[in-house]
Amino acid sequence: MGNLLEVRNLSVSFFTYESTVQAVRDISFDLAPGETTALVGESGCGKSVTSKSIMGLIKKPGKILEGSRIYFKGQCITDFTIKEWERFRGKNCSIIFQDALASLNPTMKIGRQIIEVLNNHDTGLSRDEKVKKAVEMLAMTGIADAAGCLEKYPHELSGGMRQRVMIAMALIGRPELLIADEPTTSLDVTVQAQILEQMKQLQQKLNMAILLVTHDLGIVADAANKIIIMYAGRIVEQGPAREIFYHPVHPYTKALLDSVPRIDRDRTKRLRAIEGNIPDMANPPKGCAFCGRCPEAMNICEEHAPVLRQIEGPHAAACWLNELHTIHGGTDA
Amino acid sequence: MNDREKILEVKNLKKYYPAKHGNYLKAVDGVTFDIYRGETLGIVGESGCGKTTCGKTCIGILPKTDGTVYFRGKDIHRMTRKQRFAFTKEVQMIFQDPYASLDPHQKVYNIIAEGIRIHRLAGNKTEEQKMVLELLEMAGLLAGHASRNVHEFSGGQRQRIGIARALSVNPGFLFCDEPISALDVSIQAQIINLLMDLKKEKDLTMFFIAHDLSIVRHISDRIGVMYLGKMVELTDSDTLYDHPLHPYTEALLTAIPIADPDISAGRKQMILEGEVPSPVNPPQGCRFAGRCKKCMGICHDTEPVMQEIEPNHWAACHLYGRKEK
């Protein structure tokens, strides 16, 4: 089975007057069709920039650097023209964001906004057919009164409903890849559970791949087949979900898993805090970006950045500890 | 448990806001609970359930509509100027947004020293300096940070400054309103650990409000669950999580994602349908009735009252019948 999406050596920087912020630094990964991959990291780790790069949404002062390549079903999308992007978005790949209210046009009724997606793509449908399709899609996302919803404005809907509308809009073109950038972060837990369940069902029905961008390892455990952990613009560990949860290798992944309180664990146990703060991406450290906060840091970590190396099968991590067993002078820049 | 000293006694507290057409938005609608000395009481609930309004009304930041709040036996909504002044030394707050709650142009030193000056806690300048430095150290900051401006700090560090400020007047009672929800995961643990250490060290009583149930459980001794302006369940943390009585609590608990694929796959999630009704026109009877899977006829007509169903385990639900007083 070929990969749906291949990201190769993606680097994205933001050139501001003051400095150059290296948001994403040379990352590569693959997405398989029909699978859910989670892109996990804290704010500023470059996960959203990565997802926007796939949609061609990086705007000035941001720039995808030379040598970065993204392939969608074998086709290189990094040098698409505006026209090509327009055809690609919505039909091949869609994105939903955290803040549905900001993503929807407040002055347009929901119906018009959804149908606009169909108008942008040559569907050859009549107006009535488009309306019918919009109602079908809204109903599929779990909106009870789908026909009535078409006549509403975004402000008349609750947060959960708006996110459902966003999902309907994203999926009406039947894309093969849905990028969900923190889709439930602004929602309450009970609504979050509803939306995640809905997304799972839709994924099965429509057989699409999902790239779930989030900071919450809890929602990842339930949904993802594969996990990519990012820190300071780089991938520090990636692999099948179970490997990451049960056999994490990178100290950052371990710390991240231990730092959240869990309702199924003894509450008297002290949480493991990761001391310090994330590095300044305008001036990232020379070696491993996590080394300043890493309890297991060694001298080499400060000097040289580790590369992502295979541990077992598809499980890989970028950490010098991991290389201690095998290393014989394998440094790199 | 009940023979312990009550620090805060809240009885039938109501807070209404005027809404359109002569209606009222009933943000908090008859909430009763006590906070005992030395404990941490957590309040959880989804957005709009009235938890923050409840907390703010309890410590007198907002005027109440009805009900009473006693702090160490004094009605906090009927205090004289002098009593109020003493109250502000006793009760301090940590806010959600560390960016909005600190003046960005102020030096950290002045922010922390302000309370010390107002309450004349330091005899002279050197003593004041010593106190500020001690507070900084206690909150995990460096002495050198004192002379810097707030805008130079990250979110987690700002929250530490907020904690140092709150503790500068040596309060006995700390009200934390979502103190970590604006922070990153790795920083959240730092602040939770700090708060728990300080609580032990200074023998603080804490009132902790958050929407994240796993964090509330971690930090609280007892937890109250709120839904649409009402408290629906109140008991100690472990009991609430092991053995919830109210169907809403149950749904809330199963909705929390657990960061473990096996456990996550093995457990049954109770997915709630629909959404929280409007607090302007709340449903008659039980407010949760429309979304409740165990709803009975009586739930739509009669509002359930808070009852002690098991020792120290209170819930407002018709499933457990009505106990005559």
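User: What's the handedness of the crossing of α4(A) and α5(A)?
Analyst: Right-handed. Bear in mind that this is a predicted model.

User: At what angle do their axes cross?
Analyst: Roughly 110°. Helix α4 covers residues 110-120 of chain A and α5 covers 127-140, and their axes come within 10 Å.

User: Parallel or perpendicular, then?
Analyst: Angles of 65 to 115 degrees count as roughly perpendicular, so α4(A) and α5(A) are roughly perpendicular to each other.

User: Which residues make the contact?
Analyst: From α4(A), A:G111, A:I114, A:I115 and A:L118. From α5(A), A:K130, A:V131, A:K133 and A:A134.

User: And how do they divide by class?
Analyst: That contact has 5 nonpolar, 1 polar and 2 charged residues.

User: Switching to α11 of chain A. Which residues are buried there?
Analyst: In this helix, residues 251-259, the buried ones are A:P251, A:Y252, A:T253, A:A255, A:L256 and A:S259.

User: What covers them?
Analyst: The cover includes α9 (217-223), β10 (226-231), β11 (234-240) and α10 (241-246) of chain A. It also includes α6 (185-202) of chain B.

User: Now the contact between the chains. How many residues from each?
Analyst: Chain A puts in 39 residues and chain B puts in 35.

User: Which helix gives the most on the chain B side?
Analyst: α6(B), with 6 residues. Helices α7 (213-219), α8 (237-242), α9 (247-255) and α10 (261-266) of chain B each supply at least two.

User: What's the class make-up of that side?
Analyst: The side of chain B that touches chain A has 18 nonpolar, 12 polar and 5 charged residues.

Key. Residues are numbered from 1 along each chain as its sequence is written. Chains are lettered from A and ligands numbered from 1 in the order in which they are written. This is a predicted model: local features need pLDDT of at least 70, side-chain atom pairs count only at pLDDT 80 or more; totals for chains, interfaces and linings use all residues. Axes are lines fitted to C-alpha atoms, for helices over the stretch in contact, and angles run from 0 to 180 degrees between N-to-C directions. Helices (H or I, at least four residues) and strands (E, at least two) are DSSP runs, numbered from the N terminus. Angles under 35 degrees count as roughly parallel, over 145 as roughly antiparallel, 65 to 115 as roughly perpendicular and the rest as oblique. A crossing is left-handed if the near helix is turned anticlockwise from the far one by less than a right angle, and right-handed if clockwise. Two residues are in contact if their C-beta atoms, placed from the backbone, lie within 7 Å. Ala, Val, Leu, Ile, Met, Phe, Trp, Tyr, Cys and Pro count as nonpolar, Asp, Glu, Lys and Arg as charged, and the others, Gly among them, as polar. A residue is buried if 20 or more other C-beta atoms lie within 10 Å of its own, exposed if 12 or fewer, and partly exposed in between; C-beta atoms are placed from the backbone.
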